[in-house]
Amino acid sequence: MIDKFENWDIDLPLPQDLFFYKMNVEYYGITILLKSLVDHTQIVEIKFEYFVSYKVTVDLALMKMVNDNADFRGFARSTSSSYLNSIIEGSYDILERKNIEHFVIYNLDNAIEVLSDEPATFRWLSREEVRNFDES
């Protein structure tokens, strides 16, 4: 199977220098924080309210995937990927009815891949929220 990714349009202007900062996984949701390499006071929160599966892979292990799929870089999405198909097949196709998509957040450190039936929300953290994270 050839993975097919397309650009995931985000309504928030994001710099290209984001790196992995923190991630919190709860029973249903995932919150991902990416920090700007240039301005460490800029942290974007990416929140999935629901997910079926996720994985985090160091960028070195994805060199072939990135080279073969130009749209895999940055923020991408797919309805036809080997990762998504393996999860659907593993559910005896029950999950196929949920319209699950494969979302990719490819940053400077790694690729965070999330399978969900709804896209994430994006927002910049306030300076106070950034201070709270840095102090904890």
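A salt bridge (a side-chain nitrogen of Lys or Arg within 4 Å of a carboxyl oxygen of Asp or Glu) joins the side chains of R123 and E45, at 2.9 Å from N to O. R123 lies in strand β9 (residues 121-124) and E45 in strand β4 (residues 43-48), so the pair ties together parts that are 78 residues apart in sequence. The model is predicted: local features need pLDDT of at least 70, side-chain atom pairs count only at pLDDT 80 or more, and totals for chains, interfaces and linings use all residues. Residues are numbered from 1 along each chain as its sequence is written, and side-chain values use heavy atoms, with hydrogens and water left out.

Helices (H or I, at least four residues) and strands (E, at least two) are DSSP runs, numbered from the N terminus. Buried means under 20% relative accessible area, exposed over 50%, and partly exposed in between (1.4 Å probe, protein chains only). E45 is buried, at 14% relative accessible area. R123 is partly exposed, at 33%. R123 also forms a salt bridge with E129, with the closest N and O atoms 2.8 Å apart. E129 is partly exposed, at 26% relative accessibility. Shared partners join E45, R123 and E129 into one network of salt bridges.

The whole structure holds 4 salt bridges. Among them is the pair K98 and D117, whose side chains meet at 4.0 Å, N to O. This pair links distant parts of the chain, 19 residues apart: K98 sits in the loop between α2 and β7, and D117 in the loop between β8 and β9. K98 is partly exposed, at 33% relative accessible area. D117 is likewise partly exposed, at 30%.

Helix α2 spans residues 82-90, and its residues Y83, L84 and I88 are buried. Viewed down the axis of α2, the buried residues fall within an arc of 130 degrees (taken from the directions from the helix axis to the C-beta atoms), so they line one face of the helix. E89 and G90, on the other side of α2, are exposed. The cover over the buried residues includes β5 (53-58), β6 (74-80), β7 (101-106) and β8 (110-116). Just after α2, Y92 takes a positive phi of about 55 degrees.

H102 belongs to strand β7. H102 is buried, with a relative accessible area of 1%. Beyond its neighbours within four places in sequence, H102 is in contact (heavy atoms within 4.5 Å) with residues including F5, Y83, L84 and E113.
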